[in-house]
Amino acid sequence: MITVVVPAKNEAGRITTVLQNLGTLPIDHIILVCNGSKDGTMQEVLQMRLPKLQIIYFEECLGIDVPRAIGAKMALTLGSDVVAFVDGDMVGTFIENLMELVDGVLLKHLDMALTNCYPSPPRHVERYNPTFQWRLNLNKELGLDKKISLATPAHGPHAVSRRLLETIPMRELAIPPVAMALARLHKLRIDIATTIPHYRLGSSIKNQIHTNKIIDTIVGDCLEAIAVFHGQPRTRQWQHKTYIGYHSDRRFDLIDLFLSPKKE
């Protein structure tokens, strides 16, 4: 059973394209995790009447990456063998690539199938973005840099196996680099399964404030993942700076509530 999880917050005008693209795939379920939307996202989704679609709706904003953990739990409950993740703003056409990710799990027996979003070295202006250095630092610490270079579950579509979801605490999927570090600790198989250059993802363009917060989020996530991999106390600090970004907005309390066994 194959499931695609789609987090969406305020994606009116884009979510229809994303779901239409996914609706053409030979998959079993699409789980939309709609959280904190204040626009017409839900109205657009409900008008589509996609038979494969299941919706998890949160009135509150869950925070970045948290919807992945929520959707993955639902997918596991449904009995999924492969769970792929596609952001709700990715309007690019990469259907064949998504099936390569799925095949990476089903046929190549990967537990985390990643997308290479930078088949060419990042442009000059992007080299000064510290996320690239810290993604590479993490992958070196994990002994994966020769295999996956800059690839990360924090960027681009990716897929995971049922075995991974049954091995790693579900809440850790809310910090994608930490999930990868834990997968490595458990000797699960991680590799690139497809290539989609970043510009082909079709992600929405955000402002500089958002970009700066994303940088701090990913750098902090990588620092935390390195600490977890080495069995050290979690930290998001490097050279007198603590990299928080959007991390403080992640609603782990809502994850825990969602994951807790329901009482009769």
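**Close-up views of a predicted model**

**View 1. Helix 9 in the lining of the largest pocket.** Helix 9 contributes nine residues to the lining of the largest pocket, which is the largest share. The model shown here and in the views that follow is a predicted one. The space in this largest pocket amounts to about 1500 Å³, and among the 45 residues that line it, those closest to its centre are Ile64, Asp89, Lys206, His210 and Ile214. Two or more lining residues are given by each of strand 1 (2–8), helix 3 (66–78), helix 5 (130–141) and helix 9 (208–229). By residue class, the lining of the largest pocket consists of 16 nonpolar, 17 polar and 12 charged residues.

**View 2. The largest nonpolar core and the surroundings of Ile70.** In soluble globular proteins, nonpolar side chains tend to be buried together. The largest nonpolar core of this model holds 51 residues, and the residues with the most contacts inside it are Val33, Ile70, Leu164, Leu165, Leu173 and Met180. Helix 9 is the element that gives the most to this core, with nine residues. When residues up to four places away in sequence are not counted, Ile70 touches Val33, Ile56, Phe58, Leu62, Leu254, Ile255 and Phe258. Another core, of 37 residues, lies apart from the largest one and includes Ile2, Ala84, Cys117 and Ile196.

**View 3. His29 and its contacts.** His29 is found in strand 2, which spans residues 29–35. Because its relative accessibility is 16%, and buried means under 20%, His29 counts as buried. The side chain of His29 is joined to that of Gln54 by a polar contact of 3.3 Å. Leaving out residues up to four places away in sequence, His29 touches Met1, Ile2, Thr3, Val4, Lys52, Gln54 and Leu78.

**View 4. Asn10, a residue with positive phi.** Asn10 is not a glycine, yet it has a positive phi of about 55°. Asn10 is found in the loop between strand 1 and helix 1 (15–23). With a relative accessible area of 33%, Asn10 is partly exposed.

**View 5. Asp65, a residue with positive phi.** Asp65, although it is not a glycine, has a positive phi of about 75°. The loop in which Asp65 is found runs between strand 3 (53–58) and helix 3. Asp65 has a relative accessibility of 12% and therefore counts as buried.

Key. Residues are numbered from 1 along each chain as its sequence is written. This is a predicted model: local features need pLDDT of at least 70, side-chain atom pairs count only at pLDDT 80 or more; totals for chains, interfaces and linings use all residues. Side-chain values use heavy atoms; hydrogens and water are left out. On a 1 Å grid over the protein atoms alone, a cavity is a set of points where a 1.4 Å probe fits but cannot get out, and a pocket is an open set with protein on both sides within 12 Å along at least five of seven lines; lining residues have an atom within 4 Å of a point. Grid points are joined across faces, edges and corners, and a volume is the space filled by probe spheres set on the points. Helices (H or I, at least four residues) and strands (E, at least two) are DSSP runs, numbered from the N terminus. Ala, Val, Leu, Ile, Met, Phe, Trp, Tyr, Cys and Pro count as nonpolar, Asp, Glu, Lys and Arg as charged, and the others, Gly among them, as polar. A nonpolar core is a set of buried Ala, Val, Leu, Ile, Met, Phe, Trp, Tyr and Cys residues joined through side-chain atoms within 4.5 Å. Buried means under 20% relative accessible area, exposed over 50%, partly exposed in between (1.4 Å probe, protein chains only). Contact means heavy atoms within 4.5 Å. A polar contact is a pair of N or O atoms within 3.5 Å; within protein, one must be able to donate a hydrogen and the other to accept it, and residues adjacent in sequence count only if both atoms are side-chain atoms.
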